[in-house]
Amino acid sequence: RRVRLIQARTERAIRDLERRSVDAVVLDPPRQGCGPTVIDAVFARLAPPRAVYVSCHPAALAGELPAIVAAGYRVRSVQPVDMFPHTYHVENVVRLVKR
């Protein structure tokens, strides 16, 4: 009862969640990352106290983190995860907290 899993496009899920209090968000976007409207919706409008961002493209993550930090978040940790050994693909799990 304390966890609600939502499997939906982020743009649709945000509209439903904006009317509620959210404790945490887990984002696992496609390789190109989240678009600016999604970053704004999650981190500026929804503004959960905690977030986990799973990125499979370090360059996309590096491009999005400045906007997330500007929305008032601090990076608590970054953990690379080698899900595909012997390839150059590395997942990065970023824990964020609202300042």
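Trainee: Let's start with N92: which residues is N92 in contact with, leaving aside its neighbours within four places in sequence?

Mentor: Contact means heavy atoms within 4.5 Å. By that rule, N92 touches Y53, V54, S55, P58, L61, V78, Q79 and P80, leaving aside neighbours within four places in sequence. N92 lies in strand β4; helices (H or I, at least four residues) and strands (E, at least two) are DSSP runs, numbered from the N terminus. Keep in mind that this is a predicted model, where local features need pLDDT of at least 70, side-chain atom pairs count only at pLDDT 80 or more, and totals for chains, interfaces and linings use all residues. Residues are numbered from 1 along each chain as its sequence is written, and side-chain values use heavy atoms, with hydrogens and water left out.

Trainee: And is N92 buried or exposed?

Mentor: Buried means under 20% relative accessible area, exposed over 50%, and partly exposed in between (1.4 Å probe, protein chains only). N92 has 10% relative accessibility, so it counts as buried.

Trainee: What about R31?

Mentor: R31 is in the loop between β1 and α2, and with a relative accessible area of 36% it is partly exposed. Leaving aside neighbours within four places in sequence, its contacts are C56, H57, A60, Y88 and H89. Take A60: it is 29 residues from R31 along the chain, yet their C-alpha atoms are separated by 7.7 Å.

Trainee: Now helices. How do I find the buried side of one?

Mentor: An α-helix has 3.6 residues a turn, so residues three or four places apart point the same way. Here, the buried residues of α2 (36–46) are V38, I39, A41, V42, F43 and L46. Seen down the axis, they fall within an arc of 165°, so they line one face of the helix; the arc is that of the directions from the helix axis to the C-beta atoms. The face turned away from that buried side carries the exposed residues P36 and T37.

Trainee: What do the buried residues of α2 pack against?

Mentor: They pack against α1, β1, β2, α3, β3 (73–81) and β4. V42 is one to click on: not counting residues up to four places away in sequence, V42 touches T10, I14, V25, L27, A47 and P48.

Trainee: How do I read a nonpolar core?

Mentor: In soluble globular proteins, nonpolar side chains tend to be buried together. A nonpolar core is a set of buried Ala, Val, Leu, Ile, Met, Phe, Trp, Tyr and Cys residues joined through side-chain atoms within 4.5 Å. The largest one here has 20 residues, and L27, V42, F43, Y53, I68 and L96 touch the most other members. Two or more residues come from each of α1, β1, α2, β2 (50–55), α3 (58–70) and β4 (91–98).

Trainee: Which element gives the largest share of this core?

Mentor: That's α2, with 6 residues.
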